[in-house]
Amino acid sequence: MSGHSTYEPKYAAEKWIDKRLPIVRMGVDFMAFPSPRNLNYWYAFGGILTLCLMSQIITGIILAMHYTPTVGEAFNSVQRIKRDVPFGWLLQSMHAVGASMFFLAVYIHMFRGLFYGSYKAPRELLWIIGCAIYLAMMATGFLGYTLPWGQMSFWGATVITGFFGAIPVVGESLQQWLLGGYSVGNPTLQRFFSLHYLLPFVIAALVGLHVWAVHHVGQNNPIGIDIKTKEDTLSFHPYYTMKDGFAIAVFLMIFALFVFYLPEALGHADNYQRANPMVTPPHIVPEWYFLPFYAILRAVPDKLMGIMLMFGAIVVLFILPWLDTAKVRSMRFRPTTRRFFYIFLFMCFVLGWCGAHSPDDIAIPMGHGGMTFKWVSRVATLYYFAFFLFLLPVLGWVEKTKALPDSITKAIHDGEA
Amino acid sequence: MSDTQTGEGEHEDPSRRDFIYIATGAAAAVGAGAFAWPLVSQMGAAADTRAAGSIEIDVSKVEEGQQLKVLWRGKPIFVRYRTQKEIDYADSVDVASLRDPQTDDERFVPNFEGKINKSLLVMIGVCTHFGCIPVGEAGDFEGWYCPCHGSHYDSSGRIRKGPAPKNMVIPPYKYLSDTVIKIG
Ligand code: HEM
Ligand code: FES
């Protein structure tokens, strides 16, 4: 898809640079990247995600100038950032809310890829790099949540590092090695801070690979057929810079709404209490973006099984390109799969709902008792795995797909794209 | 200079070059390993962390039905003065039916006279699931209940119901006198 370079240096200085380091050419070619002409707003989230990453890095570096990573001072230093540091309230809120917005955007971006079959050949590596970015984001979010050293920070860190303790034989030593002690403490906080600072830059590097891969294989599009002629494409700039720009403006308004009016809506009141190793909060919950996985973890009574299922839920994403056997990419032309996809989407929300409640509480009242959250999450977990491991492989063989348009341009003229 | 280009140097025995390759490679591997070891090892518990590993507890102030909570290695130690009812309950359980079979007696360390004091249960108050702290006098088995994911422990701290795999752990401890216990 890289195509020919259209850049022609005009001035002597440009020519001089172009001979020695064609960096301007790289930038110009990047902006002229031929994109399918039928991209919709679901395709704006890549740009939104780039913005989110930049915002997290900028606000994070500034927070780190005022933050103290010791168990004695961490909690106070974050409170001081919020109260005393000029505009600290804004930067702290942008960083904390920003993490949620980042995950919101990444989830939309991923479901988009799932729906339009963007993980299928030749985009398998592109998809896998995306999964790696998601994994690194989860690690970064978890590490960052520990830093304010509130009750949820501390107990979240205790529970999550406890996962490693469940590994047979080496588990306990591994856990102590990760914590730098017998329990979550000062050494843990300091290394979490160091890694929380590092990982976003690893993510930035992965994003570089991700974008490189997009430019190499070309973007997929809502009807999922390949670009055939130049007519099927538009230059990235100004067409999609404009469209993405509009989407970013809307996204930022929602972002600002949270930053200014609901800064605590996505947080947890317990995190306003300083970490206390002697008292566990009555109800430990992770941040909302981890809730579905938390529900999967608790759906089975066995500790090791729970962890394996939870990691398995991410592993299936990595191997998805080989699980879905269908030739047709976009679910627009796969009517049956599309229905199962909507159920899948619904089940992801159900898992999130279960993750936020105690497993033994009643979720769906029936008569005197009812169905507990544990059982609801079992059903949803089963569907989650069945979708990837059974439905997608089988539907690929048996489903009768709708006829694909001849080209993107024709589909647009026929009102199909 | 010129004779190295035209002379026998060109047809030299290749095994000398192989030797240099292998020797350099081996040195690099050993060097990388020697550097990786400290990188990995620094993550473990530091000497001062390990040194702060033992404490003494005066149990004379604990009364029947009360529980003392002391921090040891960053984790709470429960010292519970059990009621007769709790002791009887712990003894009445069919051990074979337990997930992590242990008699109540096995969960005690003898004092200097070689006797066990079944009223004073000393254990690490950490749920063996993911490390939350169970709440006392709660749950379905006269013992503790872990609010995190719903594990029930009996009056001996043995796991009875819920996701935790093991009984709450008995730390290494000994009686220094009738009323002072040393943990760690
Ligand atoms: C991938 C990008 C990032 C994500 C998803 C992320 C996420 C988070 C989260 C969830 C928190 C806890 C906020 C709270 O509840 O108060 C946090 C805190 C923090 N982060 Fe980040 N972060 C990112 C990048 C960075 C970077 C590049 C730095 C630079 C050093 C940084 C420095 C900090 C500091 C100092 C805190 C503690 C202050 C606070 O709690 O607001 N973060 N981060
Ligand atoms: S940590 Fe106690 S039940 Fe999970």
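Over all chains of this predicted model, the count of salt bridges comes to 19. Side chains of opposite charge can pair when their charged atoms come close. One such pair is formed by Glu264(A) and Lys82(A), whose closest N and O atoms are 3.9 Å apart. This salt bridge meets the criterion because the nitrogen of Lys lies within 4 Å of a carboxyl oxygen of Glu. The two residues belong to distant parts of the chain, 182 residues apart. Glu264(A) is in the loop between α10 (236-261) and α11 of chain A, whereas Lys82(A) is in helix α4 (residues 74-83) of chain A.

The interface of chain B and chain A, by contrast, has zero salt bridges by the rule applied. Polar contacts were found there, with 10 residue pairs across the interface, both residues at pLDDT 80 or more. On the side of chain B that touches chain A, α3 (47-51), β2 (67-72) and β3 (75-81) of chain B each supply at least two residues. Strand β2(B) gives the most to this side, with three residues. By class, the residues of chain B that touch chain A comprise 14 nonpolar, nine polar and four charged.

In extent, the interface brings 27 residues of chain B into contact with 26 residues of chain A. The two chains bury about 2300 Å² between them, and 62% of this area is on carbon and sulfur atoms. Within chain B, the residues that lose the most area to chain A are Met43(B), Phe130(B) and His149(B), which together account for 31% of what that side buries.

Within chain A, helix α11 (residues 291-299) packs against helix α12 (residues 303-323) at an angle of about 145°, and the axes of the two helices are 7 Å apart. The crossing of α11(A) and α12(A) is right-handed. From α11(A), the contact involves Phe293(A), Ile296(A) and Leu297(A). These residues meet Gly306(A), Ile307(A), Leu309(A), Met310(A), Ala313(A) and Ile314(A) in α12(A). The contact of the two helices contains eight nonpolar residues, one polar residue and no charged residues.

Most residues other than glycine have a negative phi, and most peptide bonds are trans. A cis peptide bond joins Ala121(A) and Pro122(A), with omega about 5°. Pro122(A) is located in the loop between α5 (88-115) and α6 (124-146) of chain A. The peptide bond from His237(A) to Pro238(A) is also cis, with omega near 5°. Here the proline, Pro238(A), is placed in helix α10 of chain A. A positive phi, near 60°, is found at Phe87(A), a residue other than glycine. Phe87(A) lies in the loop between α4 and α5 of chain A.

Conventions: Residues numbered from 1 in each chain as written. Chains lettered and ligands numbered in written order. Predicted model: local features only at pLDDT ≥ 70, side-chain atom pairs only at ≥ 80, totals over all residues. Heavy atoms only, no water. Axes fitted to C-alpha atoms, helices over the stretch in contact; angles between N-to-C directions. Helix = DSSP H or I, 4+ residues; strand = E, 2+ residues; numbered from the N terminus. Left-handed = near helix turned anticlockwise from the far one by under 90°. Contact = heavy atoms within 4.5 Å. Nonpolar A, V, L, I, M, F, W, Y, C, P; charged D, E, K, R; others polar. Buried area = accessible area lost by both parts, 1.4 Å probe. Salt bridge = Lys/Arg side-chain N within 4 Å of Asp/Glu carboxyl O. Polar contact = N/O pair within 3.5 Å; in protein donor to acceptor, adjacent residues only side chain to side chain.
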